[in-house]
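These are my notes from one sitting with the model, kept in the order in which I looked things up. I began with the ligand, went on to the nonpolar cores, and ended with a single loop residue.

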Amino acid sequence: MASLMGKKVVVVGGSSGIGLGVASAALARGAELVIIGRSQDKLLKARRALSSDDQIKTVTADMTLEHEIAAAFAGIGAFDHLVSTAGTPPPGDPIAETDADKVRRFVDNKLIGAVLLSKHAARKLRPGGSMTFTSGINKDKPPVPGGAVVSAIAGSFSYFARALSLELAPTRVNIVSPGWVDTPMFDELVGDAKASYFEAMAARLPVGRIAAPADVASAYIHAMESDFTTGETLHVDGGQRLI
Ligand SMILES: NC(=O)c1ccc[n+]([C@@H]2O[C@H](COP(=O)([O-])OP(=O)(O)OC[C@H]3O[C@@H](n4cnc5c(N)ncnc54)[C@H](OP(=O)(O)O)[C@@H]3O)[C@@H](O)[C@H]2O)c1
């Protein structure tokens, strides 16, 4: 296992939720941290939450815009590990009511974003480096109806990582697939109903509770540190696929 001590880790989506959890865990293991997101306010708030000094670099960039990602990575220089948890809530319309523009925006902000990040990170990663992207439980347990698009996109990530891990070898490429995690995205998705959703799901899950970002962050740390893990999808869902 390669330690993260002194390694430069870039977390796209590091200003909130799962990404903020990954940033915190990487920092605790001695990584030099860069967090990327679209909102500078969110980035600065996250930086304050993560550390009392200014050792964390924040970069404002939208991963769907290639010139912004190219400029962001040019400013960051060479680095060791890329993690992306960036994404927006999925469209949940039944297929007969699907708005194609809404779907395109979602695909852009999830899959195309990952493609652009990979393209520009591949030029910057040092030997021994890795990329880790995020899929999710919706590919295994699609919300029905309205789950077809998110299921397809989340499912595609495993195949993306398998192919890319061969193309970019020896750079490692992996996916983390979380179950439900208590984050601001969940608030955005279900609002005041969150407590009742979580209570009902926690009662069904083998682990008996909903994940906090720190619970899934450990899988991203493993993906970065385990230099024998590549092309893999790490499921961290508290047994949600089994119920
Ligand atoms: N929470 C769950 O239960 C759960 C379960 C399974 C999978 N997931 C997946 O895990 C990922 C993270 O979810 P989360 O719950 O941590 O969400 P979150 O709290 O809303 O965080 C999303 C992060 O992504 C950033 N982001 C979004 N679009 C971006 C873009 N185009 N360019 C750069 N940064 C962007 C956001 O910052 P800005 O808004 O400032 O850009 C924010 O930092 C998502 O892809 C989600 O689908 C979540």
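**Entry 1: the ligand shell.** By class, how many nonpolar, polar and charged residues does the shell around the ligand have? I noted first that the model is predicted, and then I read off the classes: 14 residues of the shell are polar, 10 are nonpolar and four are charged. The ligand is surrounded by 28 residues, and I listed the closest of them as Ser 16, Arg 38, Asn 109, Lys 110 and Thr 183.

**Entry 2: polar atoms at the ligand.** For Lys 110, a polar side-chain atom is placed 2.4 Å from an oxygen atom of the ligand. For Ser 16, I found a side-chain N or O atom 2.6 Å from a ligand oxygen, and for Lys 42 the corresponding distance, again from a side-chain N or O atom to an oxygen of the ligand, is 2.7 Å. I then turned to surface area: the ligand taken alone exposes 890 Å², of which the protein buries 93%. Helix H1 (17–28), helix H4 (100–122) and helix H6 (184–190) are the elements that give two or more residues to the shell, and H6 has the largest share, with three residues.

**Entry 3: the nonpolar cores.** I next asked which residues have the most contacts inside the largest nonpolar core. That core has 32 residues, and the ones I was looking for are Val 10, Ile 36, Phe 73, Leu 82 and Phe 133. Among the elements that each supply at least two residues of this core are strand S1 (8–12), strand S2 (32–37), helix H3 (66–76) and strand S5 (125–134), while helix H5 (148–167) gives the most, with seven residues. I followed Ile 36 in detail and, not counting residues up to four places away in sequence, found that Ile 36 touches Val 10, Phe 73 and Ile 76, among others, including Leu 43, Val 59 and Ala 61. I also recorded a second, separate core of 27 residues, which includes Val 9, Val 11, Ile 56 and Val 181.

**Entry 4: Thr 229.** Is Thr 229 buried or exposed? I count Thr 229 as buried because its relative accessible area is 12%, which is under the 20% cut-off. Thr 229 is placed in the loop between helix H8 (213–225) and strand S7 (233–236). The side chains of Thr 229 and Ser 226 are joined by a polar contact of 2.6 Å, and, leaving aside neighbours within four places in sequence, I found Thr 229 in contact with Arg 172, Asn 174 and His 222.

Definitions and conventions:
Residues are numbered from 1 along each chain as its sequence is written. This is a predicted model: local features need pLDDT of at least 70, side-chain atom pairs count only at pLDDT 80 or more; totals for chains, interfaces and linings use all residues. Side-chain values use heavy atoms; hydrogens and water are left out. A residue is near a molecule or strand if one of its heavy atoms lies within 4 Å of it. A polar contact is a pair of N or O atoms within 3.5 Å; within protein, one must be able to donate a hydrogen and the other to accept it, and residues adjacent in sequence count only if both atoms are side-chain atoms. Accessible areas come from the Shrake-Rupley method with a 1.4 Å probe; for residues, only the protein chains shown count as cover. Helices (H or I, at least four residues) and strands (E, at least two) are DSSP runs, numbered from the N terminus. Ala, Val, Leu, Ile, Met, Phe, Trp, Tyr, Cys and Pro count as nonpolar, Asp, Glu, Lys and Arg as charged, and the others, Gly among them, as polar. A nonpolar core is a set of buried Ala, Val, Leu, Ile, Met, Phe, Trp, Tyr and Cys residues joined through side-chain atoms within 4.5 Å. Buried means under 20% relative accessible area, exposed over 50%, partly exposed in between (1.4 Å probe, protein chains only). Contact means heavy atoms within 4.5 Å.
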